[in-house]
Amino acid sequence: MTDIIITQPHPLDAIWSQATEAVEDAQSAIDALPNPYTDEEIDPLVMTHLKAVGVVLALPARNLSDCLYKMDKAGLLDGARLVDFDHDVVVQETFAVLNAAVARGTKLKALNPEFLEGVTL
């Protein structure tokens, strides 16, 4: 038996692309500032970056990759945590995505045990 997996675009793909591009553009603008720079030069760029990160954090995660990106932007991976943000929301969302993946894998394994041969769920 041959299994075929057909991938379909997620409805939020375009929004996620725009949001992550805005974050990267804002970070690039900050990185492009020549040293030394003044507070008047960097403050608006940092605010633009924070707003773009806020949009990303507000989006629902489509998969674990999105969760890790959100954790990174929230500062959970490097210890530089954003202030005035509930970090537990991102962690809980990550657990929910992982639990959904395990549930789907278990269901798939029950339907076709050979498909995930050697995988323990």
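**Close-up 1. D13 and R62 join up in a salt bridge.** In this predicted model, the side chains of D13 and R62 meet with N and O 2.5 Å apart. D13 belongs to helix α1, while R62 sits in the loop between α2 and α3, so this pair ties together parts that lie 49 residues apart in sequence. How exposed is D13? Its relative accessibility is 26%, so D13 counts as partly exposed. R62 is partly exposed too, with a relative accessible area of 26%.

**Close-up 2. R62 also pairs with D66.** Here the closest N and O atoms are 2.6 Å apart. Is D66 buried or exposed? With a relative accessible area of 4%, D66 is buried.

**Close-up 3. D72 and K73 make another salt bridge.** Their closest N and O atoms are 3.9 Å apart. D72 is partly exposed at 33% relative accessible area, and K73 is partly exposed at 22%.

**Close-up 4. W16 and what it touches.** Leaving aside residues up to four places away in sequence, W16 touches V56, L59, P60, A61, R62, D66, Y69 and K70.

**Close-up 5. The largest nonpolar core has 14 residues.** Which residues have the most contacts inside this core? They are W16, V23, V56, L57, Y69, L76 and V90. Helices α1 (13–31), α2 (39–58) and α3 (64–74) each supply at least two of the core's residues. The largest share comes from α2, with four residues. As a bit of background, nonpolar side chains in soluble globular proteins tend to be buried together.

**Close-up 6. The largest pocket holds about 220 Å³ of space.** I5, R104, L108 and F115 line this pocket. By class, that lining has three nonpolar residues, no polar ones and one charged residue.

**Close-up 7. The second largest pocket has a volume of about 190 Å³.** A61, R62, N63, L64, V97, L98, A100, A101 and R104 form its lining. Which helix gives the largest share of this lining? Helix α4 (residues 87–111) does, with five residues. By class, the lining has six nonpolar, one polar and two charged residues. R62, the partner of D13 in Close-up 1, turns up in this lining. R104 is here as well, and R104 also lines the largest pocket.

How values were computed: Residues numbered from 1 in each chain as written. Predicted model: local features only at pLDDT ≥ 70, side-chain atom pairs only at ≥ 80, totals over all residues. Heavy atoms only, no water. 1 Å grid on protein atoms, 1.4 Å probe; cavity = no way out; pocket = protein on both sides within 12 Å on 5 of 7 lines; lining within 4 Å. Points joined across faces, edges and corners; volume = space filled by probe spheres on them. Nonpolar A, V, L, I, M, F, W, Y, C, P; charged D, E, K, R; others polar. Core = buried A, V, L, I, M, F, W, Y, C linked by side-chain atoms within 4.5 Å. Buried < 20%, exposed > 50% of the residue type's maximum accessible area, 1.4 Å probe, protein only. Contact = heavy atoms within 4.5 Å. Salt bridge = Lys/Arg side-chain N within 4 Å of Asp/Glu carboxyl O.
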